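These are my notebook entries on one structure, written down in the order in which I looked things up.

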Amino acid sequence: AGAGRQARAGGGGRGKEERWAGRDFLDSDSETSDGGDGAEVEEHPMYAEAEAAGKAKRQRKADAAAASAAASAAGRDEARRELEAGDMAGDGDKREAGRQIMKNRGLTRERKKIDRNPRAKNREKYRRAVIKRKGQVRDAKAQEGAYGGESSGINQNVTHSRRFG
């Protein structure tokens, strides 16, 4: 992980001189000093261009922000005038009520898809009721031919009748 971090940090194991070796603005002949006594060093023209570009960009941003603020203020004024005019449309007619106003439902919960169609909902309710009934009652079988007795036999331990008395 350490090697990856070093590579991402921009080093890659090379020294600063190696990384900047091909750059002409760092050549020693373009920098002059007055004998190393801490005097001002002459700047490369690239620095002046970058500074001018930065100032121009900041000025453009400031102009755009001022224009945006003016436009939003004008929009607010126009909206306020429309509200003061009431519900009248631009050509003197009253505006039509929207669907939400016409339905007048207020705040309602969202319903399931099946609840939107009553016919489909009742069909589904019937299907479920049939499934429940199959668990409670055995299906009646059609008789085939003459009566041949109970096919499964008669269990003597089971009583289905009731005694009176």
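I began with surface area, and for this I noted that accessible areas come from the Shrake-Rupley method with a 1.4 Å probe, and that for residues only the protein chains shown count as cover. By this method the protein exposes about 16400 Å², of which carbon and sulfur atoms supply 49%.

Before going on I recorded that this is a predicted model, in which local features need pLDDT of at least 70 and side-chain atom pairs count only at pLDDT 80 or more, while totals for chains, interfaces and linings use all residues. I also recorded that residues are numbered from 1 along each chain as its sequence is written, and that side-chain values use heavy atoms, with hydrogens and water left out.

Next I looked up burial, where buried means under 20% relative accessible area, exposed means over 50%, and partly exposed lies in between (1.4 Å probe, protein chains only). Of the 165 residues of the protein, 2% count as buried.

For the fold, I used DSSP runs numbered from the N terminus, with helices (H or I) of at least four residues and strands (E) of at least two. I found 5 helices and 0 strands in the protein, and from the N terminus on the elements run α-α-α-α-α.

I then turned to helix 5, which has 19 residues and reaches 27 Å from its first C-alpha to its last, close to the 27 Å expected at 1.5 Å a residue; the expected span is 1.5 Å times one less than the number of residues. Of the 19 residues of helix 5, the number buried is 1, so this helix lies largely in the open.

In the loop between helix 4 (99-103) and helix 5 I came to N104, whose phi is near 50 degrees, a positive value in a residue other than glycine. N104 counts as exposed, at 64% relative accessibility.

My next entry is on salt bridges, each being a side-chain nitrogen of Lys or Arg within 4 Å of a carboxyl oxygen of Asp or Glu. By this rule I count 4 salt bridges.

One of them joins K55 to E51, with the closest N and O atoms 4.0 Å apart. K55 and E51 are 4 residues apart in helix 3 (residues 45-85), and therefore separated by about one helical turn. E51 is partly exposed, at 46% relative accessibility.

Another pairs the side chains of K121 and D115 at 3.1 Å, N to O. Here K121 is partly exposed with a relative accessible area of 34%, and D115 is partly exposed at 27%.

In helix 5 (residues 118-136), R127 and E124 are 3 residues apart, about one helical turn, and their side chains meet in a salt bridge of 2.9 Å, N to O. R127 is partly exposed at 40% relative accessibility, and E124 is partly exposed at 29%. Salt bridges that share partners join E124, R127 and R128 into one network.

Last, I looked up pockets: on a 1 Å grid over the protein atoms alone, a pocket is an open set of points where a 1.4 Å probe fits, with protein on both sides within 12 Å along at least five of seven lines, and lining residues have an atom within 4 Å of a point. Which residues lie nearest the centre of the largest pocket? They are K141, Y147, G149, E150 and S151, among 14 residues that line this pocket.
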